[in-house]
Structure formats: C-alpha cells, structure tokens
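Work through the exercises below with the sequence and the structure at hand. Try each task before reading its solution.

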Amino acid sequence: MSRRFERLLSRSMKMTVRCLPLAALLLLGAHLPGHTQDSPLPAGFTTQPLLKTGMTRDNEPIRYPAANPEMVSVIGTLEKGGRTPLHMHPVPVYVYVLDGEIELRTEGSQPQRYKAGQAFIESQNRQHQAFNVAPEGPSRLLVVFVGEAGKPTTVAGN
C-alpha cells in the first residue's frame with residue numbers, strides 16, 4: 001500500500017468517525033414519535049382521546065369474555081323523560097353519549113350523570129338503569145358490547 005493511499009484512508013476513517021454521531025442522530029431523529037413521516041395517521045386526520053381505562057364506572061376491573069369474542073354496537077335513544085328497564089351486563093360495555101344527558105343509577109352506588117361528549121365503561125354484573133335527564137329532547141348513546149358469540153350482552157333485572 002502506498003504512503004499516499006494510507007494517508008487518504010486514515011483521513012477518510014477519521015472523518016467517518018467524526019461524522020458517525022451526527023449521522024446516527026439524523027437517522028434516529030427520523031424515527032422519533034411525532035415525526036410526521038412515520039405517523040400511522042394520514043395527513044389531515046386527527047384524534048381526540050375519549051377514554052382509556054381498565055375499570056368500569058364503578059371502579060371495578062373490566063372482565064372480558066373467555067372465548068368466541070363478538071362485538072356489537074348500537075345507537076340507543078332514550079326519549080325525553082325516558083328510562084331503560086332495570087338490567088345488567090355480563091360483558092364489558094363502552095358507552096359514548098352522542099346527544100343529551102343521562103343519569104345512571106346502579107345498585108349500591110350513587111347516581112352518576114354523563115353529558116354529550118362523555119364516555120364510560122358500564123357496570124358489569126350489577127343491576128342499573130339509565131334515565132334521560134336532558135332538559136329538552138332525547139338522549140342518544142353509542143353503545144358497544146364486547147361480548148361472546150351466542151351469549152346475551154344484557155340480562156333483565158329483578
């Protein structure tokens with residue numbers, strides 16, 4: 001190897017060693033959370049977190065079905081002054097209030113109110129009723145049951 005080639009190789013190695021931290025920083029920076037290039041959401045799509053929990057509204061842990069999962073979603077409407085019958089859910093239930101205001105009355109608990117834009121996880125295996133307490137008009141709810149195929153999501157109360 002010629003002396004000149006060795007010097008060029010030596011300079012090149014030194015330059016590479018000096019630039020390596022900068023190159024690594026630039027490469028890692030492209031993968032940091034929040035960087036739009038790697039975001040799973042498309043441009044123009046934003047999210048607003050509603051609820052993240054492992055507990056029901058009564059502070060009890062959510063219990064998922066053992067087998068054959070099945071999700072069911074409905075829009076429920078409680079007319080002005082209306083109410084649901086006394087009932088309970090053996091499965092987790094996510095509820096989002098679309099319009100109006102409701103009051104939930106659960107055995108052994110204080111009544112709880114939810115207005116349009118609020119979400120909660122319903123009581124599991126506890127009898128309860130929902131009442132429309134909106135000053136005007138119906139209350140509408142998005143209700144998502146995390147159930148088990150062939151089994152009821154709602155059981156009538158006593």
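**Rings, charge and fold**

The count of aromatic pairs comes to one, where rings of Phe, Tyr and Trp (its six-membered ring) pair if their centres lie within 6.5 Å. The model is predicted: local features need pLDDT of at least 70, side-chain atom pairs count only at pLDDT 80 or more, and totals for chains, interfaces and linings use all residues. Residues are numbered from 1 along each chain as its sequence is written, and side-chain values use heavy atoms, with hydrogens and water left out.

**Exercise 1.** Classify the pair formed by Y114 and F120.

*Solution.* Step 1: the ring centres are 4.1 Å apart, with 25° between the planes. Step 2: planes under 30 degrees apart count as stacked, over 60 as edge-to-face and the rest as tilted. Step 3: the pair is therefore stacked.

**Exercise 2.** State whether Y114 and F120 are buried or exposed.

*Solution.* Step 1: buried means under 20% relative accessible area, exposed over 50%, partly exposed in between (1.4 Å probe, protein chains only). Step 2: Y114 and F120 are both buried. Step 3: in the protein chain of 158 residues, buried residues make up 26%.

**Exercise 3.** Find which residue lies over the face of F131.

*Solution.* Step 1: a charge sits over a ring if NZ of Lys or CZ of Arg is within 6 Å of the ring centre and within 35 degrees of the ring normal. Step 2: R105 lies over the F131 face, 3.8 Å from the ring centre.

**Exercise 4.** Describe the contacts in the protein chain between residues at least 6 apart in sequence.

*Solution.* Step 1: contact means heavy atoms within 4.5 Å. Step 2: of these contacts, 75% join residues at least 24 apart.
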